[in-house]
Amino acid sequence: MSKKSIIVTGGAGFIGSNFVPYMVEKYPDYKIINLDVMTYAANLDNVKEASDKDNYLFVKGDICDRALIDNLMQEHDVRGVVHFAAESHVDNSITGPEAFVKTNVMGTFTLIDAARKYWMDAPFEYKKGYEDCRFHHVSTDEVYGTLGETGLFEETTPYAPNSPYSASKASSDFIVRAYCNHK
Ligand SMILES: NC(=O)c1ccc[n+]([C@@H]2O[C@H](COP(=O)([O-])OP(=O)(O)OC[C@H]3O[C@@H](n4cnc5c(N)ncnc54)[C@H](O)[C@@H]3O)[C@@H](O)[C@H]2O)c1
């Protein structure tokens, strides 16, 4: 049986580089494709225990590159996306916000739109055999604003992003939301 393929974006970053070796080890029947453009935040040393496994593939590339994403979807018949890739450091978003909008907003849009087109014929209408495909988008608590010494956020807390980073993550959440079926 051929392995099902999953794209993990940002798999060389802080969180993704823990997730990738875990998935590669735990799910040998899945091919884990680590798609990462290798910004300053990336370090492939942190995924080296996965690098010689036959269910692991590293692809250096940008999530904003539509042709690349379409190609990966088709070539590997991708059935899932776990989307960690982001510009993620708040301080950098104040000195250079453009990269945040590009990667976090346009990159998320590019990925989910490519997945939608590859898995579905029309809104809410999966292609036969693609009903189980899933897109997991990773957000941040900062979309809800800033907490003081006490308090907590809930999923129903109104969005109130306070930095270009959290505004770009909130934007990406809304894009992903728009591709979901809300009854
Ligand atoms: N670290 C935290 O405390 C935290 C908290 C809440 C949410 N998050 C979210 O979790 C996710 C992962 O966070 P992290 O701390 O691992 O981030 P990180 O900055 O350590 O890693 C991000 C990874 O994404 C890659 N990347 C950046 N732009 C890319 C692009 N255009 N195309 C492909 N790859 C690209 C980078 O090279 C890097 O490897 C992010 O979406 C972040 O917003 C993180």
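Predicted model: local features only at pLDDT ≥ 70, side-chain atom pairs only at ≥ 80, totals over all residues.
Cys-133 itself is buried, at a relative accessible area of 4%.

Next, the strands. Strand S1 covers residues 4-9, and five of its six residues are buried, so the rest of the structure largely encloses S1. Which strands pair with S1? One of them is S2, residues 30-36, which pairs with S1 in the parallel sense over six bridges. If you want a reference point in that pairing, take Ser-5, whose bridge partner in S2 is Lys-31. Between S1 and S2 comes helix H1, residues 16-26, and S1, H1 and S2 make up a β-α-β unit that is right-handed. S1 also runs parallel to S4, residues 78-83, and five bridges join S1 to S4. There, Thr-9 stands opposite His-83 of S4.

Now the charged side chains. The count of salt bridges comes to five, and I will go through some of them. Arg-66 and Asp-70 form a salt bridge, with an N to O distance of 3.1 Å. Both residues sit in helix H2, residues 66-76, four residues apart, or about one turn of the helix. Asp-70 is partly exposed at a relative accessible area of 26%, and Arg-66 counts as partly exposed at 26% relative accessibility.

What else does Arg-66 meet in a salt bridge? The side chain of Asp-113, at 2.8 Å, N to O. This pair links distant parts of the chain, with Arg-66 in H2 and Asp-113 in helix H4, residues 98-119, the two being 47 residues apart. Asp-113 is buried, with a relative accessible area of 8%.

Asp-113 forms a salt bridge with Lys-117 as well, where the closest N and O atoms are 3.1 Å apart. Asp-113 and Lys-117 are about one helical turn from each other, because they are four residues apart in H4. Lys-117 counts as partly exposed, at 44% relative accessibility. Put together, salt bridges with shared partners join Arg-66, Asp-70, Asp-113 and Lys-117 into one network.

Note on methods: Residues numbered from 1 in each chain as written. Heavy atoms only, no water. Buried < 20%, exposed > 50% of the residue type's maximum accessible area, 1.4 Å probe, protein only. Pairing = 2+ DSSP bridges. Right-handed = clockwise from strand over helix to strand, strands pointing away. Salt bridge = Lys/Arg side-chain N within 4 Å of Asp/Glu carboxyl O.
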